[in-house]
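Me: I'd like to go through this structure with you. Could you start with the terms we need?

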Amino acid sequence: MRTKTTDAAHDALAAALGAGTVRPAADDAKGIGHQLVAEVKGTEQAAAAMKVAAEHQLRVVPKGSGSKLDWGAPPRDVDLLLDVSPANEIVEHAAGDLVVHALAGTPIADINRVVRRGGQQLAIDQPLATATVGGVIATATSGPCRHLFGGVRDLLIGITVVLADGTVTTAGGKVVKNVAGYDLCKLYTGSFGTLGVITEAVFRLHPVAAEHRWITISAGDPAAAAEAADTIRHSQAMPTAIEIDRSAGGALTVCAQLEGRPSATHDRALELAAAVGGEVVDQPPQWWGRHPFDANGTGLRVGAEPAAMRALLTALQESFGDLPISVRGAIGLGVLHVGLPAGVDPAAIARLTAHLRDRADYAVLERAPREVLEVVDPWGPIAAGPLTLMRRTKDQFDPQHRLAPGRFVGGI
């Protein structure tokens with residue numbers, strides 16, 4: 001429902017951003033509950049929008065493509081959805097320095113199409129094809145290649161963020177050796193839009209290998225899967241990724257990716273396959289790099305030390321008979337994704353989540369239907385010390401708690 005406050009904010013945003021950039025919310029498929037949508041094309045416009053939002057005390061949620069807009073806890077009492085998807089531009093590709101600078105609305109896939117022309121890659125392979133720079137940083141979403149190249153926070157070397165009052169801040173730099181402000185880059189990574197609006201980022205790149213091979217191993221049980229993953233992890237083969245997959249009702253499969261020079265890569269793959277009883281193939285399996293859940297289902301991210309994967313897979317197996325569970329993820333790093341289709345009883349998902357939280361280092365709901373979120377805290381319990389620190393950080397960056405309120409851990 002529009003109010004006098006909404007009307008005034010609409011007019012002020014339109015005056016600051018220009019005609020056609022602000023509109024009433026026509027639909028709310030992700031359940032945000034916002035009244036207004038404002039489109040911004042870059043840092044300057046984002047800063048202008050946030051200044052108006054501060055003046056009118058608007059609660060704001062930033063979005064890129066919107067593919068992960070319903071991840072985490074549902075934000076509370078949102079007034080404005082700040083759409084940065086028009087900020088779609090690669091500002092600079094410094095091939096000689098192995099860095100790329102892009103605006104927040106730029107899809108990761110578009111960046112890779114450009115940098116691959118120069119034989120380089122941004123090694124943040126994404127399960128969601130439309131994922132953008134800002135959303136990937138905000139949710140810290142990585143794919144299989146993080147095993148070798150690291151996650152988002154490892155590849156992010158510079159960032160520009162607009163704070164809740166419209167202040168523009170930068171951290172890091174534009175060359176790999178520049179580490180000034182690096183901790184702030186880490187702080188914004190995975191913050192789910194609760195500390196600021198990400199508008200630009202600088203990433204380190206890596207060369208694209210000449211050859212890739214995949215070794216697939218069929219595992220009869222969690223013990224065999226964990227043993228295969230450990231053998232690969234401790235081998236001299238230098239895998240790019242070690243992933244596991246089990247579709248609902250299916251068998252466990254472990255798959256490792258190798259890359260490098262053609263002849264050497266093939267020889268390494270044959271040697272590794274012989275050691276683990278696997279098969280060498282020249283294409284990844286169809287499930288590679290995809291989430292085991294869809295936009296309507298429930299997805300959990302569960303983590304433990306790589307050495308504890310056997311116990312964690314066993315804990316999951318204890319629930320296989322009762323629920324249509326799919327499992328996929330980086331077994332070599334100790335990060336698994338658990339998927340369930342839409343329509344599963346929320347109480348059963350609550351029991352599964354509690355079961356996993358008792359046996360893993362953490363188990364968080366990446367996304368879930370509202371009826372599940374009503375009975376499960378997506379983030380789970382957190383110790384008082386870290387939570388106090390996180391709340392103090394929120395107070396420092398967003399004193400009035402107007403950025404994505406309630407979306408993050410502990411209702412932050």
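Reply: Domain bounds here come from an automatic or database domain assignment. This is a predicted model, where local features need pLDDT of at least 70, side-chain atom pairs count only at pLDDT 80 or more, and totals for chains, interfaces and linings use all residues. Residues are numbered from 1 along each chain as its sequence is written, and side-chain values use heavy atoms, with hydrogens and water left out.

Me: What distance separates the centres of domain 2 and domain 3?

Reply: The assignment puts domain 2 at 90-207 and domain 3 at 211-374. Taken over C-alpha atoms, their centres are separated by 26 Å.

Me: How much area is buried between domain 2 and domain 3?

Reply: Interface size is often given as the accessible area lost when the parts come together. That's buried area: what two parts lose (1.4 Å probe) on being put together, summed over both. Carbon and sulfur atoms give 63% of it here, and the total between domain 2 and domain 3 is about 1,100 Å².

Me: Which residues in domain 2 lose the most area to domain 3?

Reply: Together they make up 57% of what that side buries. They are Pro144, Arg146 and His147.

Me: Is glutamine 121 buried or exposed?

Reply: Buried means under 20% relative accessible area, exposed over 50%, and partly exposed in between (1.4 Å probe, protein chains only). Glutamine 121 has a relative accessible area of 7%, so glutamine 121 is buried.
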